[in-house]
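Here is a short report on one protein model. It covers the surface, the fold and the core.

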Amino acid sequence: MSVTPDILSASIRGIRYPLTVQNGNLATSADYALVSQQIRSVLECRYYERVMRATYGIDDFILEVLDPSQVNSSIQYSIKQNVAGLTSLNVTGDWKTNGEDGLYRVYIEYGVNGVPQPPLQFALAN
């Protein structure tokens, strides 16, 4: 018995992140691009930046923890809590130079409705 992944139809739409104006209207994104942008939004927001969603984003002090496994776990938890439609998620990362320069590199592998997506890479600064 073969299991085929559900293919997303163009029914999931949202406002593009970062916010963009296109032809006088707010630009929108759909499907896989929207999920990728939502992950980016979570990583770029800190707790309490959004008044109605105080726990949206990542903890402001997470980059003060020098243990990469704790940082990765916290980032993965925040993404899972705030991004719908993910069927798989793996966050790996490490300090660029043992945490001395405050630059943390994050590599995110994820799938949406069973369909693997291109991995995302971010550099977070303390």
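## Surface

Ile-15 lies in strand β1, residues 13-15. Helices (H or I, at least four residues) and strands (E, at least two) are DSSP runs, numbered from the N terminus.

The protein exposes about 7800 Å², and carbon and sulfur atoms supply 51% of it. Areas come from the Shrake-Rupley method with a 1.4 Å probe; for residues, only the protein chains shown count as cover.

## Model and fold

This is a predicted model: local features need pLDDT of at least 70, side-chain atom pairs count only at pLDDT 80 or more, and totals for chains, interfaces and linings use all residues. Residues are numbered from 1 along each chain as its sequence is written, and side-chain values use heavy atoms, without hydrogens and water.

The protein has two helices and eight strands. Their order from the N terminus is β-β-β-β-α-α-β-β-β-β.

## Core

The largest nonpolar core has 24 residues. Ile-39, Ile-75, Ile-79, Val-106, Ile-108 and Tyr-110 have the most contacts inside it. Such a core is a set of buried Ala, Val, Leu, Ile, Met, Phe, Trp, Tyr and Cys residues joined through side-chain atoms within 4.5 Å. Buried means under 20% relative accessible area, exposed over 50%, partly exposed in between (1.4 Å probe, protein chains only).
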